[in-house]
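Please read these points with the coordinates open.

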Amino acid sequence: MADYHKMWEELGMDVETHDQLCEVLPQAFGDVYLSQENRPEGMDYYNFVVAEIHGVRPAELIEHQKKGGKVFGTFCVYVPDEVVFAADAIATGLCGGSQFWVPGGEKVLPTNTCPLIKASVGARLDRTCPFFRIADMYVGETTCDGKKKAWEILAEDVPVHVMDLPQMKRKKDVKAWADEIRTFRKVVEEMTGNQVTAESLHSAIVLINNKRRALSRLYDLRKNEKLPISGKDVLLISQIAFYDDPARFTEMTNKLCDELEQRVKDGVSVFPAGTKRIMLTGTPLAIPNWKLHNLVETSGGAVVCEEMCTGTRYFERLVDEAEGTVDEQIDHLAERYMGINCACFTPNSARIDDILRLAKEYKVDGVIDVNLKFCSLYDTEGYHVERALKEAGIPVLGIETDYTDSDSQQLRTRISAFIEMLNS
Ligand code: SF4
Ligand code: SF4
């Protein structure tokens, strides 16, 4: 990575502690990613983005701010990036996926908080992530209890706007979410000094839909019997989608898909014939959490789909692109976003339908139901998920884990035994 110390210092970061993170990340990335054989050439772009993760994109965001632009940090796939981009601002995902940040979060949060929340709070309070320093405003949501309380702590250090996400999906809830997006529009307009117009919102909807289309195209390629790309690589791309420039990301992902389509035509697979096809479902895997994909794909399996926020929940279904007033377009946004099935909703049977549908579409041999430790929402919903899969005759393994490596050996044993069982 080029030398960004001056930039990090100007951001008020704890550069010394951050250096420790910079030392371990390339090693982890090399072990998990660069050790793979026959990777598509198009992965070079994403390798570069990760190698420069705390340099190139942060520098672009700072450049945008120097020109008077604003940056909004988000933590959930319900927050509509379209509104932010429509006001000439930039939205960037901030979810923390590294154990490195967890102890910082534990200084202010109960230990039995999920690692994603602890890492996100730690990254801000310990000043060890440029993205968390750059964002002018954080956008929280009322999804789970841990997050709701975390916003209050973060709000003492950085401006936070919290969107009140309904927890049911009746007509009035979709309307309430549309109203919440209207409020968000005002907040964004005030913060940026720019208007969200019918034209700018329409362009932003197309911009983000195009990103969804590219991801959907990429995922479709995993439905092939011969897999042209590993699950690990797709996970990396999904994670990068949260913070990369959307237009560039779309272009590079479509370019990669061209290459992968050629691979499919040529019958190229990155896995030996007969490798068991695994779908992961559950809590999100924020960057750089590559633990489970790595375990599955070094234990005789291939991850072919993620029913996760770092997966299908992020890109499935487009926002209606019909031109109209800002209000009408906001209604379309609310409809699309309220179609996401997170365990924070009740009832949430549509998620079970999604899982069964995806298992069929991606021809999976087995499903791993993943729960981040202390996420009681997904943990509890696991009851319905695992029962439905068993009833459908699809083998399922439920696991709970965190960001540490302490359970890796034990998980490898369980995952290997599960894949072995699929082979028998
Ligand atoms: S799991 Fe739920 S709360 Fe977490 S990012 Fe996804 S939608 Fe948001
Ligand atoms: S994984 Fe669960 S506990 Fe953690 S932020 Fe998401 S919904 Fe909340």
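The points below go from conventions to sheets, then to the core and the ligands.

1. Conventions. The model is predicted, with local features requiring pLDDT of at least 70 and side-chain atom pairs pLDDT 80 or more, while totals for chains, interfaces and linings use all residues. Residues are numbered from 1 along each chain as its sequence is written, and chains are lettered from A and ligands numbered from 1 in the order in which they are written.

2. One sheet. Four strands form an open sheet with parallel pairing in the order β2-β1-β3-β4. Helices (H or I, at least four residues) and strands (E, at least two) are DSSP runs numbered from the N terminus, and two strands pair if DSSP finds at least two bridges between them. Because β2 (90-93) and β4 (160-163) each have a single partner strand, one side of each lacks a neighbour in the sheet. From one strand to the next, the twist averages 30 degrees.

3. Pairing of β1. Strand β1 (residues 71-74) is joined to β3 (residues 137-141) by three bridges, in parallel; F72 has M137 as its bridge partner in β3. Helix α9 (residues 145-154) packs on the sheet, touching β3 and β4, and its direction makes about 155 degrees with that of β3. Axes here are lines fitted to C-alpha atoms, for helices over the stretch in contact, and angles run from 0 to 180 degrees between N-to-C directions. Four bridges link β1 and β2, again in the parallel sense, and V71 stands opposite I90 of β2.

4. Burial of β1. V71 and G73 on one side, and F72 and T74 on the other, are all buried, so both faces are covered. A residue is buried if 20 or more other C-beta atoms lie within 10 Å of its own, exposed if 12 or fewer, and partly exposed in between, with C-beta atoms placed from the backbone.

5. The other sheet. Its four strands have the order β6-β5-β7-β8, open and with parallel pairing. The edges are β6 (301-307) and β8 (396-401), each with a single partner strand. Five bridges connect β5 (residues 276-282) with β7 (residues 366-372), and M279 is partnered by V367 in β7. Helix α18 packs on this sheet, touching β5, β7 and β8, at about 175 degrees to the direction of β7.

6. Core. The largest nonpolar core has 122 residues, of which V84, I278, M279 and V304 touch the most other members. Such a core is a set of buried Ala, Val, Leu, Ile, Met, Phe, Trp, Tyr and Cys residues joined through C-beta atoms within 7 Å. Helix α11 (residues 198-221) gives the largest share, eight residues. Beyond four places in sequence, the contacts of I278 (C-beta atoms, placed from the backbone, within 7 Å) include V296, V304, V364 and I368.

7. A119. This residue is in helix α7 and counts as buried because it has 26 C-beta neighbours inside 10 Å. The C-alpha atoms of A119 and W101 are 4.5 Å apart, although 18 residues separate them along the chain.

8. Ligands. The shell around ligand 2 includes C114, T143, C144, K147, T283 and C375; α7 (115-125), α9 and α18 (376-391) each supply at least two of its residues.

Methods: Contact = placed C-beta atoms within 7 Å. Near = placed C-beta within 6 Å.
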